[in-house]
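Keep the sequence and the 3D view at hand while reading.

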Amino acid sequence: MADFLMREGSPLTEAEWAKIDEAVVNAARHHLVGRRVLHIYGPLGPGLEVVHTDVYAPPGKGAVDPDGETEDNVVEFSERSYTPLAMVHKDFRIAWRDLEMSRQIDLPLDTAPAATAAVLAARAEDDLIFHGNKELGISGLANVPGSCKIAISNWGTSGAPLDYLTAAVGKLSASGFTQPYAAILSSSLHTMLLRVYKDTDSLEIAHAKEIMGGGVFESPVLSDGQALVLSLGPQNFDLAVGQDLNTAYLESKNLNHYLRVLETVALRIKRPGAICVLGKSAK
Amino acid sequence: MTDQERQADIALLAGIAAGEHAAIIQYMTHRFYAGEGDIGCEVEEIARREMLHWKWINEHIRELGGEPALERGPINIAGPDVASMMQADVELEEHCMREYEQAIAKTSNPALKRQFEHHLRDERGHREDFAKLVIEAREQAASGAEPHVPTEEEQAIIAMLNSGVAQEYAAVLQYLHQSMATDDLKVSRATLNVAIEEMKHMAQLADEVVPLGGTPAVEPDVVKIDTDDAGRLKTNVADEDAAGQLYQSQIDSLATAGKPEISDLLALIRDQETFHRETFEDLLRHAQAGAEDSTPPPKPQGPMLTVGSLLGQPQDQ
């Protein structure tokens, strides 16, 4: 385990660390949404502070000719920038008496604080992925310039959500962004997909999943009434991971133990046109 | 699993290991009396199965953090006829079946329950096999010859052979313990291989005792338990050296006894003990030189993913 996590100097045993790791990773895996539509680039190491992000032109065409002499037939980035690997973190405390009790009478260590910190860190990661971070000058999937937009008004009407999602797929496809697609919806929009579709005996979400191919997900991080449809693939965007989610020992204070769930990540959007944002306002 | 449950399971396993150990020795002793015919072969096959049970049980003990169990439960050689020996084996199998049934009820560890059920099925089959062997042995006894009564000279040879049986028995236990207690794969493999050869020596020597009218020894010499590989290997080197010298002195004393087949057997075993000593000497040198000389240095560990990609995974997972 990496030295900077300060585990070796901590008073926790290997078995106790294993319990904490299990709780943190399981809680995060359960709650993370962005990673369900993003490829991972890395891990690059905890020390790395920035990662390059290359922006590419919208999809063009491959060449077909008799002698391989076609000009301008190279895929190359039009712009390179450097994105900071932001640190996402949440601290938690293990009370010394809880730890002692667990050891004295062989009770399982209560990992609820670790799991809670992991859930909040997962939420912070998703917030960074979808909305970016103004202070760090990072855009997210929902607000990156260059994405396509669709205004929605009557999502509550039976069949309307599928019409909007189909329209988004149509827009992406017309711009050369192909399958698989994935939809991420705010909680309120997602709930309305759980209805029977018109006069069929199936739910709207079942049809939506068929249309998307890459899944339909709900995220509490998205603003109410907001949805995204994405053309998936690392050629469009990915998540650069410096240090994947892990737990470090911070300090002991008043005999209690303070730990930190942390990671370093950067969203790299290479082709904003692969994103279609649906919302009440189509700005 | 709480520590209390773990300790209870270790104690349960140790009790069962003692029963399996007793079965191995009882059946192997009966095998020497039964000779190498049908009955002997069947009994040996069952004894081999019990050896596997003993090994599995001890592996579970190690997994739970316990020390390999070398204790042995009570044995009943019975006799003097083979039929009554087979009857004693029926009774031992019935005892083992009860032990396994109780153990299945006692443990909450699903892996142990599964293992015990596996063994219980075996023991039920063995009980039926021994019941058939009782009948077969009675039929053979009706037409059999009277047992041989050893002469004074033969009694001396029996005592000499039995000293080897006890020594080999102790070596088997010592090396099996080491093969499970060590964390070094090379040491574990080597001690297991040597234990298997010592088991063969034990059977070869005991096989010579019965035709002379003797009873094979069923108690081991002292089993030496060391706590680290270097100590274990030093002990093994000294033991193998002593065993080689003992067999050489026995070969010399047999020169005038007119028993060339026994003399040849002892010479074979002596040579194999020399090979064992050399094997342990090599391992000892390796252990003393430090494992780092031959073990490649661990590769520096790069950053690793913990949560990793969830691409395409549904949200309910």
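B:His21 touches B:Trp54, B:Leu70, B:Glu71, B:Arg72, B:Tyr169 and B:Leu173, leaving aside residues up to four places away in sequence. Contact here means heavy atoms within 4.5 Å. B:His21 belongs to helix H1 of chain B. B:His21 has 4% relative accessibility and therefore counts as buried. Buried means under 20% relative accessible area, exposed over 50%, and partly exposed in between, with a 1.4 Å probe and protein chains only.

This is a predicted model, in which local features need pLDDT of at least 70, side-chain atom pairs count only at pLDDT 80 or more, and totals for chains, interfaces and linings use all residues. Residues are numbered from 1 along each chain as its sequence is written, chains are lettered from A and ligands numbered from 1 in the order in which they are written, and side-chain values use heavy atoms, with hydrogens and water left out.

**Confidence**

The model scores ipTM 0.82 and pTM 0.53. pLDDT is the predictor's confidence in each residue, from 0 to 100. Chain B averages a pLDDT of 86, and 94% of its residues score at least 70. In chain B, confidence is highest in helix H3 (residues 82-106), at a mean of 93, and lowest in helix H2 (residues 38-63), at 86. Where pLDDT is low, the predicted coordinates should not be read in detail.

**The cavity**

How many cavities of 30 Å³ or more does a search of the whole structure find? It finds one. A cavity is a set of points, on a 1 Å grid over the protein atoms alone, where a 1.4 Å probe fits but cannot get out; lining residues have an atom within 4 Å of a point. Grid points are joined across faces, edges and corners, and the volume is the space filled by probe spheres set on the points.

The largest cavity has a volume of about 30 Å³. Its lining residues are B:Ile25, B:Met28, B:Thr29, B:Phe32, B:Tyr169, B:Met202, B:Ala217 and B:Val218. Helix H1 (residues 3-34) of chain B gives the largest share of this lining, four residues. B:Tyr169 lines the cavity and also touches B:His21.

**Chain A**

Chain A has six helices and 11 strands. Helices (H or I, at least four residues) and strands (E, at least two) are DSSP runs, numbered from the N terminus. Of the 283 residues in chain A, 46% are buried. Among its contacts between residues at least 6 apart in sequence, 79% join residues at least 24 apart.

Two of its helices are set out here. The expected span is 1.5 Å times one less than the number of residues.

| Helix | Residues | Length | Span, first to last C-alpha | Expected span |
|---|---|---|---|---|
| H3(A) | 112-131 | 20 residues | 28 Å | 28 Å |
| H4(A) | 160-174 | 15 residues | 21 Å | 21 Å |

In H3(A), the buried residues include A:Ala114, A:Glu125, A:Asp126 and A:Phe130. Their cover includes helix H1 (14-31) and strand E4 (86-94) of chain A. Just after H3(A), A:Gly132 takes a positive phi of about 70°.

In H4(A), A:Pro161, A:Tyr164 and A:Leu172 are among the buried residues. The buried residues of H4(A) pack against elements including strand E5 (148-151) and helix H6 (204-212) of chain A. Just after H4(A), A:Gly176 has a positive phi of about 95°.

**Backbone details in chain A**

A cis peptide bond joins A:Gly42 and A:Pro43, with omega about 10°. A:Pro43 lies in the loop between strand E1 (39-41) and strand E2 (50-55). The bond from A:Gln179 to A:Pro180 is also cis, with omega near -5°. A:Pro180 is in the loop between H4 and E6.

A:Asp106, which is not a glycine, has a positive phi near 55°. A:Asp106 is partly exposed, at a relative accessible area of 33%.

Key. 1 Å grid on protein atoms, 1.4 Å probe; cavity = no way out; pocket = protein on both sides within 12 Å on 5 of 7 lines; lining within 4 Å.
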